[in-house]
Amino acid sequence: MRQNPVYRHDICSGVVDSLNADVDLLLVSYHGRQYYPLMECVLAADAKGQIDRQMLAGSDARLYVRRN
């Protein structure tokens with residue numbers, strides 16, 4: 001299987017860095033089973049205070065506008 005760059009590094013760091021870089025959506029492809037491990041990474045990082053709440057609030061506002 002061909003691996004994209006995020007799989008060559010720590011996937012948890014990639015997820016946290018993406019959310020903290022103001023990414024609104026993370027798409028999990030190739031392996032549907034990766035969803036739960038990635039969510040665990042996010043929850044663990046949030047519990048450690050590693051997720052930027054202002055970035056999440058901005059993302060939530062943009063996604064809210066898209067939904068409505």
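## The buried face of helix H2

In helix H2, the buried residues are Val15, Val16 and Leu19. Looking down the axis of H2, you will find these buried residues within an arc of 90 degrees, so they line one face of the helix. The cover over them includes H3 and H4. Please keep in mind as you read on that this is a predicted model.

What happens to the backbone just after H2? There, aspartate 22 takes a positive phi of about 75 degrees. Aspartate 22 returns below, as its side chain takes part in a salt bridge.

## The chain as a whole

Stepping back, the chain has four helices and zero strands. Following the sequence from end to end gives the pattern α-α-α-α.

How much of the chain is buried? Of its 68 residues, 15% are buried. The accessible surface amounts to about 5500 Å², and carbon and sulfur atoms account for 54% of that area. Contacts across the sequence are worth a look too: taking those between residues at least 6 apart, 63% join residues at least 24 apart.

Searching the whole structure turns up three salt bridges. One of them pairs aspartate 22 with arginine 62, with 2.8 Å between the closest N and O atoms. The two partners come from distant parts of the chain: aspartate 22 sits in the loop between helix H2 (11-20) and helix H3 (35-47), while arginine 62 belongs to helix H4 (residues 53-67), 40 residues apart.

Arginine 62 also meets the side chain of aspartate 24 in a salt bridge, at 2.6 Å from N to O. Aspartate 24 lies in the loop between H2 and H3 and arginine 62 in helix H4, so this pair ties together parts that are 38 residues apart in sequence. Put together, Asp22, Asp24 and Arg62 form a linked network of salt bridges. Are its members buried, exposed or in between? Aspartate 22 counts as partly exposed, because its relative accessibility is 32%. Arginine 62 is also partly exposed, at 33%, and aspartate 24 is partly exposed at 28%.

Is serine 59 buried or exposed? With a relative accessibility of 7%, serine 59 counts as buried, because the cut-off for that class is under 20%.

Which residues does serine 59 touch beyond its sequence neighbours? Setting aside those within four places in sequence, serine 59 is in contact with Val23 and Asp24.

## The salt bridge between Asp46 and Arg53

Another salt bridge brings together the side chains of aspartate 46 and arginine 53, with an N to O distance of 2.9 Å. How accessible are these two partners? Aspartate 46 is partly exposed, with 29% relative accessibility, whereas arginine 53 is exposed, with a relative accessible area of 55%.

## A nonpolar patch and its tyrosines

Which residues make the nonpolar surface patch? Val28, Tyr35, Tyr36 and Met39 do, and the patch covers about 400 Å². Methionine 39 is part of helix H3, and at 33% relative accessibility this residue counts as partly exposed.

The search of the whole structure also finds one aromatic pair. How are its rings arranged? Tyrosine 35 and tyrosine 36 have ring centres 5.0 Å apart and planes at 85 degrees, so the pair is edge-to-face. As for their accessibility, tyrosine 35 is partly exposed at 42%, while tyrosine 36 is exposed, with a relative accessible area of 60%.

Definitions and conventions. Residues numbered from 1 in each chain as written. Predicted model: local features only at pLDDT ≥ 70, side-chain atom pairs only at ≥ 80, totals over all residues. Heavy atoms only, no water. Salt bridge = Lys/Arg side-chain N within 4 Å of Asp/Glu carboxyl O. Helix = DSSP H or I, 4+ residues; strand = E, 2+ residues; numbered from the N terminus. Buried < 20%, exposed > 50% of the residue type's maximum accessible area, 1.4 Å probe, protein only. Patch = residues over 30% accessible without salt bridge, like charges linked within 9 Å, V, L, I, M, F, W, Y side chains within 5 Å. Areas by Shrake-Rupley, 256 points an atom, 1.4 Å probe, with all protein chains shown as cover. Phe/Tyr/Trp six-rings, centres within 6.5 Å; stacked < 30°, edge-to-face > 60°. Contact = heavy atoms within 4.5 Å. Arc of directions from axis to C-beta.
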